[in-house]
Amino acid sequence: MDITIHNAILDKTLNPVNIGIRGGKIAVISEGEIPPGARSIDAGGAMASPPFIDSHFHLENAYLDQVPNLSGTLDEAIDIYAEIKQKLDTPDIVRRTIRVAREAIANGTLWMRSHVDIDHIGKLRLLESVLAAREAVKGYFDVQVIAFPQMGLARNPEAIEYMWAALESGADVVGGMPHSEKDMDDAAKQIEIVFEIAKKYNRDIDMHVDETDDPYWHSLELLAEKTIDEGYQGRVSAGHCCAMGSWDDTLAERVIEKVKKADLNIIGNIPINLYLEGRHDSHPFRRGIPRLRDLVEAGVNVALGQDDVRNMFYPFGKLDMLEVANFAAHAAQLSTPSQIQATFDMPRYNAARTLRIQDYGIREGLPANLILIDAQSPTDAIRRQPERRLVIRQGEILLESKRQLTYSSIIPA
Ligand SMILES: [Zn+2]
């Protein structure tokens, strides 16, 4: 064996096991002893888990915190960013993406979906920079790039041609933001355009949906209906979905039923939405928290995203999906043992289904992508967010404890 890991517990069963890795694959998982490999690692009872996946992020504006967002609202953040984004250049985006990758890898995250702004002003400039950044971290950190028309399409029809061009130029997934349009009718038009592009290129769809605490917005329902009509089940994701926290139960039940039927993936970006939503002058106010517990109970696939780190949208974040899971468990009150297990699975197995990552998990014969978390159970992992002691990608050790950044020679600082 190239690497053997002794005295670990498996993430799902919590059974003690020894794991052997050969030729980039998990060759053996045994409850009995296995002979030490060329590299032999004592897990000391830590949990072996497949790596984390951040299902929703924005690489090009990570760590851009030079202009404070004084109102703390999404609207002010979008205004600040509109100013700054014209000045961003490729070397800077590459540098900050490398920083994101290093921090994410140190926390055991190896995959990410990143939305990149496409509009009629910036055109494809940011996409080109993010594609260069993706190339810079390739082989260690996998990025799926989503073409994201943040300024709307029905309202800015001149942006539509750049969405088509983005797909020609290397974007992987078609994004959208129906609530950036003026009303639900225009939201339907945007969804129509997004499906037209996605179908032409046979691509998945991943939209920012109802990112507001205003219950007027229920474009999630339109997205679910369109997904069913187009036979696109399993290929469409909806991030944020904050307005559902403000809907009455009748509307919520109706839409969640359609979401399940459409097999939509829901991506909760709970920390940023807890921070941004519900900024009103007087109490009582709505908090814009999606109904994750109802979605889980309905059998909907729920994943999680960090969305932003240290910028005009969100001044915090440490690119640790266990921290994001902790926020989700609190805000959405995921509390029974099965709900906590579901929360732990959101940035792992559920996210793998969202990003359609093949061969994800810890089983004999699968690619050796695994991490060691110094935790005894899902609750323990989410509670303490303990150190990731080992990060292995395709049989290669990227990190052995945060004090030993073995990948620092691979991805330069
Ligand atoms: Zn976002």
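Q: What do the buried residues of helix 2 pack against?
A: The buried residues of helix 2 pack against strands 6 (52–57), 7 (109–117), 15 (388–393) and 16 (396–400), and against helix 3 (125–137). The model is predicted: local features need pLDDT of at least 70 and side-chain atom pairs count only at pLDDT 80 or more, while totals for chains, interfaces and linings use all residues. Residues are numbered from 1 along each chain as its sequence is written. Helices (H or I, at least four residues) and strands (E, at least two) are DSSP runs numbered from the N terminus.

Q: Which residues of helix 2 are called buried?
A: A residue is buried if 20 or more other C-beta atoms, placed from the backbone, lie within 10 Å of its own, exposed if 12 or fewer do, and partly exposed in between. In helix 2 the buried residues are Ile93, Arg96, Thr97, Val100, Ala101, Arg102, Ala104, Ile105 and Ala106.

Q: What span is expected of helix 2 (residues 90–106) at 1.5 Å a residue?
A: The expected span is 1.5 Å times one less than the number of residues. For the 17 residues of helix 2 the expected value is 24 Å, and the reach from first to last C-alpha is close to it, at 24 Å. Gly108 follows helix 2 and has a positive phi, near 80°.

Q: How far does helix 3 reach from its first C-alpha to its last?
A: Helix 3 has 13 residues and reaches 19 Å, close to the expected 18 Å. Its buried residues include Leu126, Leu127, Val130 and Arg134. They pack against helix 1, helix 2, strand 7, strand 8 (142–148) and helix 4 (160–168). Just after helix 3, Gly139 takes a positive phi of about 95°.

Q: Which residues of helix 1 are buried, and how do you know on which side they lie?
A: The buried residues of helix 1 are Leu74, Ala77, Ile80 and Tyr81. They cover an arc (that of the directions from the helix axis to the C-beta atoms) of only 125°, which puts them on the same side of helix 1. An α-helix has 3.6 residues a turn, so residues three or four places apart point the same way. The face turned away from the buried side of helix 1 carries the exposed residues Asp75 and Glu83. Helix 8 is included in what covers the buried residues of helix 1.

Q: Why does Asn269 count as buried?
A: Asn269 has 30 C-beta neighbours inside 10 Å and therefore counts as buried. Asn269 is found in the loop between strand 12 (265–268) and helix 8 (270–276). Two residues are in contact if their C-beta atoms, placed from the backbone, lie within 7 Å. Leaving aside residues up to four places away in sequence, Asn269 touches His56, Gly239, His240, Gly305 and Asp307.

Q: Why does Thr343 count as buried?
A: Thr343 has 31 C-beta neighbours inside 10 Å, so it counts as buried. Thr343 lies in helix 11 (residues 337–355). Apart from residues up to four places away in sequence, Thr343 touches Ala325, Ala328, Ala329, Leu334 and Ile382.

Q: Why is Asp263 called partly exposed?
A: Asp263 has 18 other C-beta atoms within 10 Å, so it is partly exposed. Asp263 is found in the loop between helix 7 (249–261) and strand 12. Although Asp263 is not a glycine, its phi is positive, about 50°. Most residues other than glycine have a negative phi, and most peptide bonds are trans.

Q: Why does Gln394 count as partly exposed?
A: Gln394 has 15 C-beta neighbours inside 10 Å and therefore counts as partly exposed. Gln394 is found in the loop between strand 15 and strand 16. Its phi is positive, about 45°, although Gln394 is not a glycine.

Q: Is the peptide bond from His283 to Pro284 cis or trans, and what is its omega?
A: The peptide bond from His283 to Pro284 is cis, with omega near -5°. Pro284 has its place in the loop between helix 8 and helix 9 (292–297).
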